[in-house]
Amino acid sequence: MKIITTNKEAYHNYFVLETFEAGIKLQGAEVKSIRNGNVSLKDTFISISRTNQMYIKNMYIKPYDNKDATFKVKDRADRILLMHKTQITKLFSKVKEKGLTLIPTKIYFEGSLVKVEVALCQGKHNYDKKQVLKEKDIAKDTLRQLKRI
């Protein structure tokens with residue numbers, strides 16, 4: 001498994017409750033661009049349509065630099081995520097009932113296939129974010145003091 005990019009902002013802004021693996025429907029030039037690392041998950045989210053299809057929205061994939069390319073793709077087009085229908089309906093019911101959201105956290109290669117890690121998340125409040133930062137600072141200070149001893 002080769003990790004291409006991660007969404008660090010998602011872990012800062014949300015509590016990650018569960019993670020799922022999904023495939024993504026891409027064009028050939030998009031896969032080549034992702035293989036080069038020209039992709040960003042900043043400000044991306046996932047929506048589920050009424051026809052039980054999941055779409056990743058606002059994901060940036062830089063257009064592949066090829067002079068012979070005849071087919072141009074938008075860099076922020078909606079792309080279809082591939083999951084089993086039962087999984088999609090379960091996620092849709094959780095999102096609707098509990099007020100949770102779906103956020104992509106990683107893009108990686110599994111063999112020659114591009115996979116997206118989808119996280120079921122709950123939003124953090126400002127005081128939750130501050131508490132996490134305080135805990136990290138305390139942990140760093142204790143490690144420093146243990147190294148001195």
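**Reading a pocket, a core and a helix**

Biologist: Which residues line the second largest pocket?

Modeller: Lys25, Leu26, Gln27, Glu30, Val73, Ala77, Asp78, Arg79 and Ile80 do. A pocket is an open set of points on a 1 Å grid over the protein atoms alone, with protein on both sides within 12 Å along at least five of seven lines, and lining residues have an atom within 4 Å of a point. Bear in mind that this is a predicted model, where local features need pLDDT of at least 70, side-chain atom pairs count only at pLDDT 80 or more, and totals for chains, interfaces and linings use all residues. Residues are numbered from 1 along each chain as its sequence is written, and side-chain values use heavy atoms, leaving out hydrogens and water.

Biologist: Okay, how do I read a nonpolar core, and which residues have the most contacts inside the largest one?

Modeller: In soluble globular proteins, nonpolar side chains tend to be buried together. A core here is a set of buried (under 20% relative accessible area, 1.4 Å probe, protein chains only) Ala, Val, Leu, Ile, Met, Phe, Trp, Tyr and Cys residues joined through side-chain atoms within 4.5 Å. The largest has 26 residues, and Ile34, Met54, Leu81 and Ile107 have the most contacts inside it. Its largest share, four residues, comes from β9.

Biologist: What does Leu81 touch?

Modeller: Contact means heavy atoms within 4.5 Å. Skipping residues up to four places away in sequence, Leu81 touches Ala22, Gly23, Ile24, Ile46, Met54, Ile56, Val116 and Val118.

Biologist: And how many helices and strands are there?

Modeller: These are DSSP runs numbered from the N terminus: helices are H or I, at least four residues, and strands are E, at least two. The protein chain has four helices and nine strands.

Conventions. Buried < 20%, exposed > 50% of the residue type's maximum accessible area, 1.4 Å probe, protein only. 1 Å grid on protein atoms, 1.4 Å probe; cavity = no way out; pocket = protein on both sides within 12 Å on 5 of 7 lines; lining within 4 Å.
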